[in-house]
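Subject: Structure handover

Dear colleague,

Here is the structure I said I would pass on. My notes on it follow below.

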Amino acid sequence: MGRKIFISYKYADNDVHNISGNFYGCTVRNYVDKLEDYFDSSDNIYKGESDGEDLSQLSDDAIWKKLKDRIYDSTLTIIMISKNMKERYRQERDQWIPWEISYSLKEMSRKNSSGVSIASKTNALLGIVVPDLQNSYTYFTYQRNCCNSPCTTYNYNNVFSIMKNNMFNSNTCYRGSCDNGESIWRGNYSYLSSVKWCDFVRAPDQYIEKAYDIQRNLDDYSICKEV
């Protein structure tokens, strides 16, 4: 049975590697188009807006109502992590992505056609890291040596607080110490797991299933649901 998937992203961020073939480059939306094509060919159901859908003439309240309707019955929120997803000179509370993530994590009740209240569940989360113009991911994640072995390091400066607060938030995962005083996490230590675009496209089902596996152990994480 297909899953209902919502994608949160910064539509106009054009500091991304060009996969569109367009001389003038592309935006994160081109990456979402690729995901939408994949979902169309699978059992999964894409719950976000389509590229040809114009929301620009709607009020903020009307847009938010449309998005909430879509997020409500989704089960996985994919966050497209891009270099300029976060507008540095605007408050996070004034930007869409944190609210979309917050709403997808909350358990919200709505009445169905029979008048029965149905509560949504906390969505699984998956971050897909989009390469920047130089086809690099180092603005967010890179490899270095920890405890004399390779480890993955994350840069929080380019993501929203609600994302940061849902990383390294496991209550059960092992956190070890190195001889040099550094610490390293092992296992599924973040509710918001992330994967590079180049890795995701090789095995999308693998990473989607990992996000759902983490969700099945929801109580093992201290979930931040507020912007």
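Which residues point one way from strand 6, which point the other way, and are they buried or exposed? A124, L126 and I128 point one way and L125, G127 and V129 the other, and all are buried. Buried here means under 20% relative accessible area, exposed means over 50%, and partly exposed is in between, with a 1.4 Å probe and protein chains only. Helices (H or I, at least four residues) and strands (E, at least two) are DSSP runs, numbered from the N terminus.

Before the rest, two notes on the source. This is a predicted model, in which local features need pLDDT of at least 70 and side-chain atom pairs count only at pLDDT 80 or more, while totals for chains, interfaces and linings use all residues. Residues are numbered from 1 along each chain as its sequence is written, and side-chain values use heavy atoms, with hydrogens and water left out.

Strands count as paired if DSSP finds at least two bridges between them. Strand 3 (residues 76-81) runs parallel to strand 6 and is joined to it by six bridges; L76 stands opposite A124. Strand 11 also pairs with strand 6 in the parallel sense, over four bridges, and there S194 is the bridge partner of G127.

I7 belongs to strand 1 (residues 4-8) and is buried, with a relative accessible area of 1%.

The hairpin

Strand 7 (residues 141-146) and strand 8 (residues 149-154) pair in the antiparallel sense, over six bridges. N145 has P150 in strand 8 as its bridge partner. Two residues lie between the strands of this hairpin, and C147 takes a positive phi near 55° there.

Other backbone points

Most residues other than glycine have a negative phi, and most peptide bonds are trans. N135, which is not a glycine, has a positive phi of about 60°. N135 sits in the loop between strand 6 (124-129) and strand 7 and is partly exposed, with a relative accessible area of 42%. F168 is likewise not a glycine and has a positive phi of about 55°.

Aromatic residues

The structure holds twelve aromatic pairs. Rings of Phe, Tyr and Trp (its six-membered ring) pair if their centres lie within 6.5 Å; planes under 30 degrees apart count as stacked, over 60 as edge-to-face and the rest as tilted. F168 and Y189 have ring centres 5.0 Å apart and planes at 5°, so the pair is stacked. F168 lies in the loop between helix 4 (161-164) and strand 9 (175-177), and Y189 in the loop between strand 10 (183-185) and strand 11 (193-196), so the pair ties together parts that are 21 residues apart in sequence. F168 is partly exposed, at 24% relative accessible area, whereas Y189 is buried, at 17%. Both belong to one aromatic cluster, formed by F140, Y154, Y156, F168, W185 and Y189.

Elsewhere, R3 lies over the face of Y212, at 4.1 Å from the ring centre. For this, NZ of Lys or CZ of Arg must be within 6 Å of the ring centre and within 35 degrees of the ring normal.

Helix 3 is mostly covered, with eight of its ten residues buried. Among them are I97, P98, Y103 and L105.

How many cavities of 30 Å³ or more are there? The count comes to one. A cavity is a set of points, on a 1 Å grid over the protein atoms alone, where a 1.4 Å probe fits but cannot get out; lining residues have an atom within 4 Å of a point. Grid points are joined across faces, edges and corners, and the volume is the space filled by probe spheres set on the points. The largest cavity holds about 40 Å³ of space. Its lining includes I71, Y72, Y103, K106 and N123. Helix 2 (60-72) and helix 3 (96-105) each supply at least two lining residues.

Regards

Key:
On a 1 Å grid over the protein atoms alone, a cavity is a set of points where a 1.4 Å probe fits but cannot get out, and a pocket is an open set with protein on both sides within 12 Å along at least five of seven lines; lining residues have an atom within 4 Å of a point.
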